[in-house]
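We'll walk through a few features one at a time.

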Amino acid sequence: MKSPSNTDRYVMGVDGISATQNTNYGKTFGSKVGAFIMDRRTMQFVAMFYGRPETKEKFHEQILMAAEYYGCKVWIEKVADSYYDFFRERGKMGYLGKYPLSVIPVEKRYDNPERLYGFPISPFAMTCQLDKMVAYIEPDKITNSSYCETIMFDELLDQLLLFENDNRTTSDLVIAAMITLCCALEPVNTHNKITVPLVRVYN
């Protein structure tokens, strides 16, 4: 199973295609989809996908190509369907991220050690999304600076101005950005290999 090589630096969050939308490959669907890639080191969104692809399969192909290019895992909102089979059939399950622990209630985090692939849509997860995005865009009380100043995608800024958490259907980019931000703040186990022997023998 192939796995990405830059998971300690890049993450991708996706507001994908709802299971209520056309579920068959080769057919069109209605709403737009959004995706972002964030650099963990700078906490800046560095790439964006936004539009209405002709088919679900083409959309998933674009997402997978971006993940392979940046060497990152992908977290897709769980209302989406078909992505699991798409990645599995191509031997790319290593590119799919599992539920971040921070968006699972504490009392449930270790109920199921084999967490699902994707990003949950529970009320707790949505609250975590909103809290992290508010902290991201609000000015720092000491420096008065904000990560909002680093956002270079006008479409995202426009949606942030109009975003209503009770009506998220028109804010595909904001949802994708919030998913990406939650995943970027998760700890990463890099499993660095030891290059120097722990015990040295001297003659």
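## Ground rules

This is a predicted model, so to speak: local features need pLDDT of at least 70, side-chain atom pairs count only at pLDDT 80 or more, and totals for chains, interfaces and linings use all residues. Residues are numbered from 1 along each chain as its sequence is written, and side-chain values use heavy atoms, with hydrogens and water left out.

## The sheet

Start with the open sheet of 4 strands, which runs in the order S3-S2-S1-S4 with mixed pairing. Strands here are DSSP runs of E with at least two residues, helices are runs of H or I with at least four, and both are numbered from the N terminus. Two strands pair if DSSP finds at least two bridges between them. At the edges sit S3 (44–51) and S4 (73–76), each pairing on one side only. On average, neighbouring strands of this sheet are turned by 20 degrees against each other, direction ignored; the axes behind that angle are lines fitted to C-alpha atoms.

Which way do S2 and S3 pair, parallel or antiparallel? Antiparallel: S2 (residues 33–39) and S3 are joined over 7 bridges. Within that pairing, isoleucine 37 stands opposite alanine 47 in S3.

## Aromatic rings

How many aromatic pairs does a search of the whole structure find? It finds 9. Rings of Phe, Tyr and Trp (its six-membered ring) pair if their centres lie within 6.5 Å; planes under 30 degrees apart are stacked, over 60 edge-to-face, and the rest tilted. One of the pairs is tyrosine 84 with tyrosine 117, tilted, at 5.8 Å centre to centre and 55 degrees between the planes. Tyrosine 84 lies in helix H2 (residues 83–89) and tyrosine 117 in the loop between H2 and helix H3 (123–137), so the pair ties together parts 33 residues apart in sequence. Buried means under 20% relative accessible area, exposed over 50%, and partly exposed in between (1.4 Å probe, protein chains only). Tyrosine 84 comes out partly exposed at 38%, and tyrosine 117 is partly exposed at 21%.

Phenylalanine 86 and phenylalanine 87 have ring centres 5.8 Å apart and planes at 70 degrees, so that pair is edge-to-face. Phenylalanine 86 is buried at 1%, and phenylalanine 87 is buried at 0%. The charged end of arginine 90 sits over the ring of phenylalanine 86, 3.7 Å from its centre; the test is NZ of Lys or CZ of Arg within 6 Å of the ring centre and within 35 degrees of the ring normal. Elsewhere, ring pairs link Phe36, Phe45, Tyr136, Tyr147 and Phe153 into a cluster.

## Helix H3

In H3, the buried residues are Ala125, Cys128, Gln129, Lys132, Met133 and Tyr136. They cover an arc of only 125 degrees around the axis, so they lie on the same side of H3; the arc is taken from the directions from the helix axis to the C-beta atoms. On the face turned away from the buried side, H3 carries the exposed residues Pro123 and Ala135.

## Two positive phi angles

Methionine 43 has a positive phi, near 55 degrees, in a residue other than glycine. Methionine 43 lies in the loop between S2 and S3 and is buried, with a relative accessible area of 11%.

Asparagine 144 is not a glycine either, yet has a positive phi of about 65 degrees. Asparagine 144 belongs to the loop between H3 and helix H4 (154–162) and is exposed at 56%.

Methods: Axes are lines fitted to C-alpha atoms, for helices over the stretch in contact, and angles run from 0 to 180 degrees between N-to-C directions.
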